[in-house]
Amino acid sequence: MISTSKITMRFSKTALFEDVSVKFVPGNRYGLIGANGCGKSTFMKILTGQLDPSEGEVVIGEGCTLGYLRQDHSAFDEYTILDTVCMGNPVLWKLHCEREMLYSKEELTDEENERCGHIEDEFGEAGGYTMESEAAALLVGLGFTEDLFGQSMTVLQGGFKLRILLAQVLFGKPDLLLLDEPTNHLDMESIEWLVDLLKRYTGMVITISHDRFFLNQVCTHIADLDYHEIRLFPGNYDDSTIASLEAREQQEKANKKIEKQANELKAFISRFSSNASKAKQATSRKKTLDKLEIKKFKASSRVSPFIRFNPKTRLGDKVIEATSISKSYDETIFKDFSITIGPEERVAIIGKNGIGKTTLLNTLCGQLKSDSGEIIFGETVQFSLFPQDASSMLDPKKPALEWLNRFSDADTPEVDLRSFMGKMLFKGQDVLKEIKVLSGGEKARLILSKMMMEGGNVLALDEPTNHLDLESIEALNYSLSLFPNTLIFVSHDHRFIATLATRILEITEDGIIDYPGTLDDYEAEKKKNA
């Protein structure tokens, strides 16, 4: 078990959260959610002991061990895959390094000779003689072959690197597994693998995530960090959303009932306070009125941007017609691929990381030239693009307001532009920040702002949810559902794809599968044919 007692965290005079007392129970899997910047990662670092709170304490059950998966997936790039896993047991790894250091020396001091005798006992008792075989067994179970064990972590891509880091955490056999954004940069296949692993994990799990599918599949409880406090809800993300809304509605109804009662009491007191025969009743009602209390709602850290994509020009019947297109770099990405995309289609491009999803999207939108074949665009087509790499579009030295102004109408007053940016959650002087200091979420919202101003009649988006919080993802998801024209997008967000796509393009090692239907239908078809 792990719990907090009156935890408060302040930076300068600003409190991220105050007097947080919460108990996490063994056997449960908790999703820690909240708006960007509300303090989720800070709270998790306090749980792991990496940060000390301003006030309060963390209480960890006697003998309870913690395993922590960090956001930084490149932290072990200088180590081999096998060594990275072994480092999951810090005590054993320290003994291993000391033992290796001693035995590498040609001459030892008397003190070092004596230490050699003791270290063998400590190393053996800690499980050192079976360390590598146990780590290897764990790696084989996760789908890695023995020829990879001695290679550097740099040979792995995001999804497989995450598996190694999870293996590292699991190697320490923790009672409590803490995961900070574990689905970041994972493809759908890797996310589903992680979901399956966590469902079978017997220890307690606390995970931060903005992936709604992941939270719904994995979590038995939601820890909602909002209003500078944490509230626990049983169930998954959807359950907690419904419960939170219902609780607020009930309190609003209770407040209205209290307001009505208070108004009736005030009216009676005003009418009869000077009436001798009713004076006692008026006094009694005054006491009742004084006891009434309307619960005030704290200011939520959750805010949703206002996103709407309104095409400036009508889209004709012809949008994209690609014939026998191909693209290669060191290897063939796709070859002799033909497709016709119509004016109301919503095309999702899916596949493993690194397989060429971005390349296909950019080729279909004319951002990359095909090696062969041809692509013909309809005469009315006007693309509006969201790139995976924001730096390819943003000017880091420009203030956000100045950069965005390029895409507005020439006669747009600055006050209107500021108002527009306010709807996209840029407050006050935030609009004057240089783009290089903006967070990932702010950069994503700035590009979405650009797209809205452009008013393109065909939208192409490459991993648009990567840096957005749950509220912004929900807002984007809803706005795209309202968009009347062609939509082409790359995503690993299962729910995002499932709620938007009417056509699936999956890039595989054997070519591109073009499925004319929803993601759920496509997955059902694949299972049936497996």
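Modeller: The structure holds 30 salt bridges, a salt bridge being a side-chain nitrogen of Lys or Arg within 4 Å of a carboxyl oxygen of Asp or Glu. This is a predicted model, in which local features need pLDDT of at least 70, side-chain atom pairs count only at pLDDT 80 or more, and totals for chains, interfaces and linings use all residues. Residues are numbered from 1 along each chain as its sequence is written, and side-chain values use heavy atoms, with hydrogens and water left out.

Biologist: Which helix holds both Lys-286 and Asp-290?

Modeller: The side chains of Lys-286 and Asp-290 meet in a salt bridge of 3.1 Å, N to O. The two residues are 4 apart, about one turn of the helix. Helices are DSSP runs of H or I with at least four residues, strands are runs of E with at least two, and both are numbered from the N terminus. The helix that holds both residues is α10 (residues 279-291).

Biologist: How many bridges pair β1 with β2?

Modeller: Thr-4 stands opposite Val-22 in β2, and Ser-3 stands opposite Lys-23 in β2. The hairpin of β1 and β2 has 2 residues between the strands, and Ser-12 takes a positive phi near 60° there. Strand β1 (residues 2-11) and β2 are antiparallel, and the number of bridges is 7.

Biologist: In the open sheet of 6 strands, which residue of β7 is the bridge partner of Gly-31?

Modeller: This sheet has the order β5-β6-β7-β3-β8-β9, with mixed pairing. β5 (66-69) and β9 (229-234) stand at its edges with a single partner strand each, so one side of each is left without a neighbour in the sheet. Strand β3 (residues 29-33) runs parallel to β7 (residues 204-208), and 4 bridges join them. In β7, the partner of Gly-31 is Thr-207.

Biologist: What area do domain 1 and domain 3 bury between them?

Modeller: The domain assignment, automatic or from a database, gives domain 1 (2-87 + 151-237), domain 2 (241-291) and domain 3 (320-529). The centres of domain 1 and domain 3, taken over C-alpha atoms, are 29 Å apart. Buried area is the accessible area (1.4 Å probe) that two parts lose on being put together, summed over both. With 49% of it on carbon and sulfur atoms, the area is about 1900 Å².

Biologist: Which three residues supply 39% of the area that domain 1 buries against domain 3?

Modeller: No other three residues of domain 1 supply more of that area. They are Met-188, His-210 and Arg-212.

Biologist: With which residue does the side chain of Arg-212 meet in a salt bridge?

Modeller: Across the interface of domain 1 and domain 3 the rule finds 2 salt bridges. The elements that give two or more residues to the side of domain 1 that touches domain 3 are α7 (188-200) and α8 (212-218). At 3.2 Å, N to O, the partner of Arg-212 is Glu-474.

Methods:
Pairing = 2+ DSSP bridges.
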